[in-house]
Amino acid sequence: MQEILLQVSHLKTYFPIRAGILKRTVGWVKAVDDVSFDIKKGEILGLVGESGCGKTTVGRVILMLENPTSGEILFNGKDITKMKKDALRKHRRQMMMVFQDPFSSLNPRMTVKRIVGEPLIINKYCSKHESKNRIVDLLGKVGLKEEHLNRFPHEFSGGQRQRICVARALALNPSLIVLDEPTSALDVSVQSQVLNLFKELLSEFGLSYLFISHDLAVIKYMSDRICVMYVGKIVEQGYTETIYQEPAHPYTKALMSAILEPNPEYEQEPIILKGDVPSSSNPPLGCRFHPRCWLAKPVCSEKEPPSVNVGNKHFASCWALEKDWD
């Protein structure tokens, strides 16, 4: 049985809406609202959902780049939300992030040597002489060469920039890397190279990934388990093959029906959802998907659905899964 590396319990992150001359709080954006999941050592957990559903906020809060409103984040059994500044700084070395845009996340005035070496210097990871060897070794791991050390980000392609970001994330030998849409800004021909690189590094460095994406094909290829997110909540989670073959939540079924199959004989009618995605500042009562759901009944707009185990550690939050639904 795999040991749990990260355990997130009832995580909430609300951002204030301020208005007026005095900038008083008049409401809250419920970006993440009661989210729970875990990541095992050596595992890739995929987090999928539409833009604006709170996926990136979950990743940032796990690294404490944003402060949670409530909930627990246990990393190796320690609640990092209650750590003091110095303890958190030391603990952060074990958690890194690769951002969506490989250009804006790199300092254009710094060379590759400085970009990859900065975490080593700040955290006093090794001596100056050892740091150069470490940087060259990391560049080699991600498919770059020593001759790239003194070049600047604008001299590289998008795929190469993302490789630099990966090398920087690996500098302190972390246990967990949050990958926030790491291939969405890349050409399709380059995406497969970067994804295969992530898989190779997973076993070589003993890593675990939280892989955030809206691309269902990428999530299927990369993930061991999947969490499907909708307007701040996880509506379904389970093993990848189970969810792709037997989705339980109506929202997940709609997502899966939109996947294009590379088979001209395969015919599947996509499920067209009506209406717009609700605002996180004013989410609907009950199930947040009910205004767009073709199965909705009165109870869906009155009470929030419980998480139901539909078998083989496959959980979904939908009233239609209850035995007395009919």
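Visitor: Which residues in α5 are buried?

Guide: This is a predicted model, to start with. In α5, the buried ones are Gly-159, Arg-161, Gln-162, Arg-163, Ile-164, Cys-165, Val-166, Ala-167, Arg-168, Ala-169 and Leu-170. That makes eleven of the helix's 13 residues, and α5 is mostly covered.

Visitor: New topic. What is the strand order in the open sheet of four strands?

Guide: The order is β2-β1-β4-β5, and the pairing is antiparallel. At the edges are β2 (24-40) and β5 (78-79), each pairing on one side only.

Visitor: Which helix packs on the sheet?

Guide: Helix α1, residues 55-62. Helix α1 touches β1, β2 and β4, and its direction makes about 115° with that of β1.

Visitor: Back to the strands. How many bridges join β1 and β4?

Guide: Five bridges, in the antiparallel sense. Strand β1 spans residues 4-19, and β4 spans residues 70-75. In this pairing, Leu-6 stands opposite Phe-75 in β4.

Visitor: What holds paired strands together, in general?

Guide: Strands of a sheet pair through backbone hydrogen bonds, either parallel or antiparallel.

Visitor: What does Leu-74 touch, beyond residues up to four places away in sequence?

Guide: Leu-74 lies in strand β4. Its contacts of that kind are Leu-5, Leu-6, Gln-7 and Asp-79.

Visitor: How far apart are the C-alpha atoms of Leu-74 and Asp-38?

Guide: They are separated by 9.2 Å. Along the chain, Leu-74 and Asp-38 are 36 residues apart.

Visitor: Now α1 again. How many of its eight residues are buried?

Guide: Six, so α1 counts as mostly covered. The buried ones are Lys-55, Thr-57, Val-58, Gly-59, Val-61 and Ile-62.

Visitor: Why is Thr-57 called buried?

Guide: Because its relative accessible area is 16%, and buried means under 20%.

Visitor: Which residues is Thr-57 in contact with, leaving aside neighbours within four places?

Guide: Thr-13, Phe-15, Ala-31 and Val-32. Thr-57 itself lies in helix α1.

Visitor: What follows α1?

Guide: Met-64, whose phi is positive, near 60°.

Methods
Residues numbered from 1 in each chain as written. Predicted model: local features only at pLDDT ≥ 70, side-chain atom pairs only at ≥ 80, totals over all residues. Heavy atoms only, no water. Pairing = 2+ DSSP bridges. Helix = DSSP H or I, 4+ residues; strand = E, 2+ residues; numbered from the N terminus. Contact = heavy atoms within 4.5 Å. Axes fitted to C-alpha atoms, helices over the stretch in contact; angles between N-to-C directions. Buried < 20%, exposed > 50% of the residue type's maximum accessible area, 1.4 Å probe, protein only.
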